[in-house]
Amino acid sequence: MKRLILLSLSFFMFPICLLYAQEEDTDQLKPGRSLFLLRGYAHSGLEIYKENSSFVGGSFNPIFLWHQSDRLLFEAELEIELEGGETKIGLEYANMSYILSNRVTFRFGLFLLPFGIFSERLHPRWILRLPSAPLGFLHHNKVGPASGLGIEVRGVLPLSDAKMNYAFYAINGPVLNNGLDEPEEAGLLHYDNFEDNNKNKGFGGRVGLLPFSDSSLELGGSAQYAKVGDTESEFENIAAFMYAVDLSLTKNIGFLKGVVDIKAQWNWINVDNANYLANGEHDDEGEEHLDEHEDGLAQEYTFDNKSQAYFGRISFRPSFVGNSFLRNLEFVGRHSATKLPAGALWGKDERRLTIGVNYWLDWRTVLKVAYQFVSDSPHEENEHGDQHSNGGGNGWLIHWAFGF
C-alpha cells in the first residue's frame with residue numbers, strides 16, 4: 001500500500017517539478033533581466049609649438065556593456081572625433097564573451113589584442129597619464145597590432161602565491177602594402193584588416209606572470225605570426241613575425257608616502273624581405289606608370305624590413321601626504337622611440353622625452369600639463385591629420401581627460 005502511495009505522489013509531483021524548472025529557465029529568457037551599462041571617456045586640449053599652436057582633441061569614446069547572463073557579455077566602443085574638418089566615427093571594438101569557467105573565457109568579434117599592455121590597458125586618455133601617446137603605439141607609424149577581428153581564449157591560472165594570465169587568438173592578421181597604389185608606403189603593414197586578403201590567419205598571444213602575492217609586478221611576453229601578402233600575388237608568401245615584452249609595476253612606497261607606477265613595452269616587427277617597384281604612379285585614368293632603367297625594366301628595390309618601438313613611463317603620486325592639493329598631484333616622465341627601416345620610404349628613427357604634471361580632480365578626471373622633447377624628426381602633421389598629439393615637435397601639451 002505504501003509503495004502505491006509513493007508512486008502516486010511521484011506521478012503528481014514530477015509535472016510540478018518540471019513546470020517549476022521550465023519557469024526558472026523561462027525567467028532567464030525574459031527581457032529585462034539583462035543589464036546594460038554606458039561608460040566611456042573623452043579628452044581635449046591645447047598644444048603650443050614653436051611655430052604654431054592649436055586646440056586639439058575633442059574626442060568622445062562611448063563604451064557599451066551588456067550583461068546578457070552570467071556567461072554571456074558584450075562590449076563595444078566607438079571613437080567620435082574631429083579630423084580634417086569633419087566628424088569621424090570609428091568602431092574601436094565590438095565583441096561577445098562567453099565565460100566557460102573561472103579559468104577560461106572565449107571572445108568573438110573585433111577586440112583589442114593582448115599584444116603587450118598598451119592597447120588593452122593604457123590607451124584610454126584618462127589612463128594614459130600624459131597628453132600624448134608613445135611613439136609607434138597609436139595611429140601614426142604604428143609598430144605592432146592593436147586590435148583584430150577573430151576569436152580569442154583567455155584566462156588566469158593560480159601558481160601558489162603567484163598568478164599567470166594567458167590569452168591566445170586567431171585573427172585576420174595585418175596586410176602588406178605592396179606599394180602599387182601607395183609607393184611611399186611599400187613594405188608597411190596595415191593592421192585594420194576587416195576583410196582578409198588571403199586564406200592565412202594571424203595567430204598570436206600573450207602570457208603574463210605576476211610573481212608576488214600582491215600582484216604589484218607583472219612581466220609579459222607576446223608574439224604573433226601571419227602571412228601578410230595578397231593571395232596569388234608575388235607577395236603571397238611574405239610573412240611577418242612580431243613579438244613584444246612588457247612590464248607593469250605599481251607599488252606603495254611608505255617612506256615617500258606615495259605610489260610609484262611604472263609601465264614599459266618593447267615591440268619588434270620582422271617582415272620578410274620583398275622587392276618593391278620604385279615610383280609607381282597612377283594617372284587620372286588609373287593607368288600605372290613606373291620609372292624605368294635605360295634597359296626598359298622598371299626599377300625595383302628592397303630593404304631589411306625590421307621595425308621597433310618602445311616606451312618606458314614612470315609616475316609618482318604622493319597619495320598619502322596630509323595636504324589635499326599635493327595628494328592630487330602626479331609627476332610623470334616617459335621616453336619612447338621608433339626605429340623604422342632605413343631603406344623604406346617611410347623609414348626613420350625618432351625619439352621623444354615627455355615630462356609632465358597631472359592634477360586629479362577626482363579619480364577619473366585629470367588635467368595634464370607636459371613638455372615634450374623630440375629628436376631626429378621635424379614638426380610635421382601626420383598622414384591622418386592626427387590630432388592625438390603624435391605629430392608635434394618640441395612643445396607644451398595641455399590636456400584634460402575624464403572617464404565616466
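Colleague: How many bridges pair β1 with strand β22?

Modeller: The model is a predicted one. In it, strand β22 covers residues 395-403 and runs antiparallel to β1. Within this pairing, Y49 stands opposite G395 of β22. The number of bridges between β1 and β22 is nine.

Colleague: Is S97 buried or exposed?

Modeller: S97 belongs to strand β4, which spans residues 86-99. Beyond its neighbours within four places in sequence, S97 is in contact with R71, L72, L73, T105, F106 and R107. Its relative accessible area is 10%, and the limit for burial is under 20%, so S97 is buried.

Colleague: Which element gives the largest share of the largest nonpolar core?

Modeller: This core has 36 residues, of which F118, L176, L189 and Y276 touch the most other members. Elements giving two or more residues to the core include α2 (118-122), β7 (162-171) and β13 (258-271). The largest share is three residues, and the element that supplies it is β12.

Colleague: How many residues form the second, separate core?

Modeller: Among the members of this second core are Y41, W360, V366 and A401. The core is separate, and its number of residues is eight.

Definitions and conventions
Residues numbered from 1 in each chain as written. Predicted model: local features only at pLDDT ≥ 70, side-chain atom pairs only at ≥ 80, totals over all residues. Heavy atoms only, no water. Pairing = 2+ DSSP bridges. Helix = DSSP H or I, 4+ residues; strand = E, 2+ residues; numbered from the N terminus. Buried < 20%, exposed > 50% of the residue type's maximum accessible area, 1.4 Å probe, protein only. Contact = heavy atoms within 4.5 Å. Core = buried A, V, L, I, M, F, W, Y, C linked by side-chain atoms within 4.5 Å.
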